[in-house]
Amino acid sequence: MPRLMIVGGHRLLGRVKVSGSKNASLPVLAAALLCPGRCVIADVPELSDIAVMCQALTCLGARVQRAGGQVEVDASCVNTLELNDELTRRMRASNLVLGPLLARFGRAVVAYPGGCNIGSRPMNLHLKGLKMLGAEISERYGYIYATAERLVGAEIILDMPSVGATENLIMAAVHAAGVTVIKNAAREPEIVDLQNFLNAMGARVRGAGTDVIKIEGVERLEPARHTVIPDRIEAGTHMIAAAITRGDVCITNVIPEHVESLTAKLREAGVQVESGDDWIRVVAGGRPRAVDVRTLYYPGFPTDLQPQFMALMALAEGTSIISETIFENRFKHVSELRRMGADINLEGHTAIIKGVPRLSGAVVEASDLRAGAALVLAALAAENGSIIENVEHIDRGYEKLERKYNTLGARIMRVHS
Ligand code: UD1
């Protein structure tokens with residue numbers, strides 16, 4: 001298993017380019033199942049989660065070719081409508097094939113993804129919505145069986161604005177008879193990106209980015225080309241990396257509006273943030289001030305940046321309170337940050353962080369993707385060397401992370417033993 005060895009204490013200085021968004025690429029790749037022919041998707045990051053989605057499409061019979069950041073999917077020859085648990089266990093988001101398969105073929109069988117390290121993560125909202133569109137759903141032996149002669153547009157009010165459920169339901173509804181309205185829909189930028197790809201294929205989706213999305217069913221879709229948006233969580237991680245190392249970093253290929261909630265919190269903490277059309281510069285001179293954060297659905301502060309922001313607050317002047325409202329078990333990084341000298345107490349879904357002047361290097365374990373990123377940031381700022389175990393979690397979501405940070409002056413080595 002690879003590990004990262006990090007020698008802390010080096011300011012990050014220079015420019016870093018953000019890769020294409022993982023969370024936008026995944027539904028867009030799944031959406032390529034919606035029609036026969038060759039879809040071309042650019043700026044897809046090279047990550048293990050993307051490889052799992054490509055493997056899922058291949059298992060269903062699609063032809064998938066990858067060259068650099070470009071992925072071509074030809075779903076002309078889909079020959080099975082069943083995805084086994086080997087893939088759904090490796091990545092929850094492989095359940096995003098459910099909506100497109102049902103829309104195009106009227107049938108899909110997908111192994112239940114089960115819980116993960118950050119929470120139980122059920123699929124009840126996906127399934128409830130599909131039933132409202134007229135699908136028959138049964139759950140047997142750990143599999144979801146979905147069938148429908150023809151889906152029929154309906155009004156669906158989501159109990160909570162789930163990103164995955166919104167995406168699955170939009171894709172399911174593209175061929176449904178009549179109009180589907182999804183209310184209390186998730187407003188994340190990745191949903192706008194999916195809408196743009198679907199509309200390029202000939203779908204009629206409106207309203208993504210707001211909490212009401214309307215889908216007018218169409219008979220046919222055509223293959224399309226699409227470039228995915230930059231990864232806002234990667235961008236946010238780099239912004240915090242600059243702040244925690246008291247560095248000066250210009251982050252390029254970013255949509256500043258997508259990280260506004262983080263920008264506001266960094267400024268409140270005394271960190272300097274400037275931005276242009278597609279870049280953000282973060283400059284930090286000393287210790288940040290403690291600020292409180294509550295994770296929320298977009299455009300609120302993203303749960304996917306909560307662990308990284310906690311690493312920053314571990315070094316702040318004063319006491320901050322971070323409340324996690326999206327996932328029930330997203331504090332696994334706390335015990336590891338404590339090993340590095342952080343003073344953090346947990347009370348239910350709230351973490352109370354008393355900032356300390358310095359962290360010290362330690363051997364720590366990444367329990368999930370963003371917890372792993374938080375440990376990398378803490379290690380970059382720590383006084384001496386750290387070893388981060390279970391790096392495969394970090395590889396799920398950050399393309400060339402150590403290469404990018406080493407170019408900025410970090411000392412990170414990947415060790416394969
Ligand atoms: C997506 C992101 C993930 C991010 C999360 C929240 C992808 C591939 N992943 O995950 O990085 O952390 O949004 O911003 O885009 N829920 C239910 N029932 C459901 C579905 C969800 O109760 O049927 C709950 C979940 O348990 C969770 C909350 O809703 O508490 C939000 O989950 P959701 O928005 O669905 O997250 P994902 O789409 O899985």
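Visitor: Which residue does the side chain of Lys-128 meet in a salt bridge?

Guide: Keep in mind that we're looking at a predicted model. Here a salt bridge needs a side-chain nitrogen of Lys or Arg within 4 Å of a carboxyl oxygen of Asp or Glu. For Lys-128 the N to O distance is 2.9 Å, and the partner is Asp-159.

Visitor: How many residues apart in sequence are the parts that this pair ties together?

Guide: Lys-128 belongs to helix H5, residues 124–132. Asp-159 sits in the loop between strand S10 (155–157) and helix H6 (163–173). The pair therefore ties together parts whose separation in sequence is 31 residues.

Visitor: Is Asp-159 buried or exposed?

Guide: To be called exposed, a residue needs over 50% relative accessible area. Asp-159 has 52%, which makes Asp-159 exposed.

Visitor: What about Arg-220, which forms a salt bridge with Glu-222: is Arg-220 buried or exposed?

Guide: The closest N and O atoms of Glu-222 and Arg-220 are 2.7 Å apart. Glu-222 has a relative accessible area of 41% and is partly exposed. Arg-220 has a relative accessibility of 60%, so the word for Arg-220 is exposed.

Visitor: Where do Asp-304 and Arg-330 lie, and how many residues apart in sequence are the parts they tie together?

Guide: These two form a salt bridge, with 2.8 Å between the closest N and O atoms. Asp-304 is in the loop between strand S18 (293–294) and helix H10 (306–313), while Arg-330 is in the loop between strand S19 (319–323) and helix H11 (333–339). So the parts tied together are 26 residues apart in sequence.

Visitor: And is Arg-330 buried or exposed?

Guide: Buried means under 20% relative accessible area. Asp-304 comes in at 15%, so Asp-304 is buried. Arg-330 has 5%, so Arg-330 also counts as buried.

Visitor: How many salt bridges does a search of the whole structure find?

Guide: Some of these bridges join up: Lys-22, Asp-49 and Arg-396 are linked in a network. For the whole structure, the search gives 22 salt bridges.

Visitor: How many residues apart along the chain are Leu-380 and Ile-6?

Guide: Leu-380 is in helix H12, residues 369–381, and counts as buried at 3% relative accessibility. Leaving out residues up to four places away in sequence, Leu-380 touches several others, including Ile-6, His-10, Thr-245 and Tyr-405. The C-alpha atoms of Leu-380 and Ile-6 are separated by 6.7 Å, yet along the chain the two are apart by 374 residues.

Visitor: What percentage of contacts between residues at least 6 apart in sequence join residues at least 24 apart?

Guide: A contact here means heavy atoms within 4.5 Å. Among the contacts you're asking about, the share that joins residues at least 24 apart is 73%.

Visitor: What radius of gyration does the protein have, next to the value for a compact globule?

Guide: The protein contains 14 helices and 24 strands, and its C-alpha trace spans about 65 × 45 × 40 Å along the principal axes. With 417 residues, a compact globule would come out near 22 Å. The protein agrees with that, because its radius of gyration is 21 Å.

Visitor: How far apart are the mean positions of the positive and negative charges?

Guide: There are 46 positive and 46 negative charges in the protein. Their mean positions are apart by 1 Å.

How values were computed:
Residues numbered from 1 in each chain as written. Predicted model: local features only at pLDDT ≥ 70, side-chain atom pairs only at ≥ 80, totals over all residues. Heavy atoms only, no water. Helix = DSSP H or I, 4+ residues; strand = E, 2+ residues; numbered from the N terminus. Rg over C-alpha atoms; globule rule 2.2 N^0.38 Å. Lys, Arg positive; Asp, Glu negative; His and termini not counted. Charge placed at Lys NZ, Arg CZ, Asp CG, Glu CD. Buried < 20%, exposed > 50% of the residue type's maximum accessible area, 1.4 Å probe, protein only.
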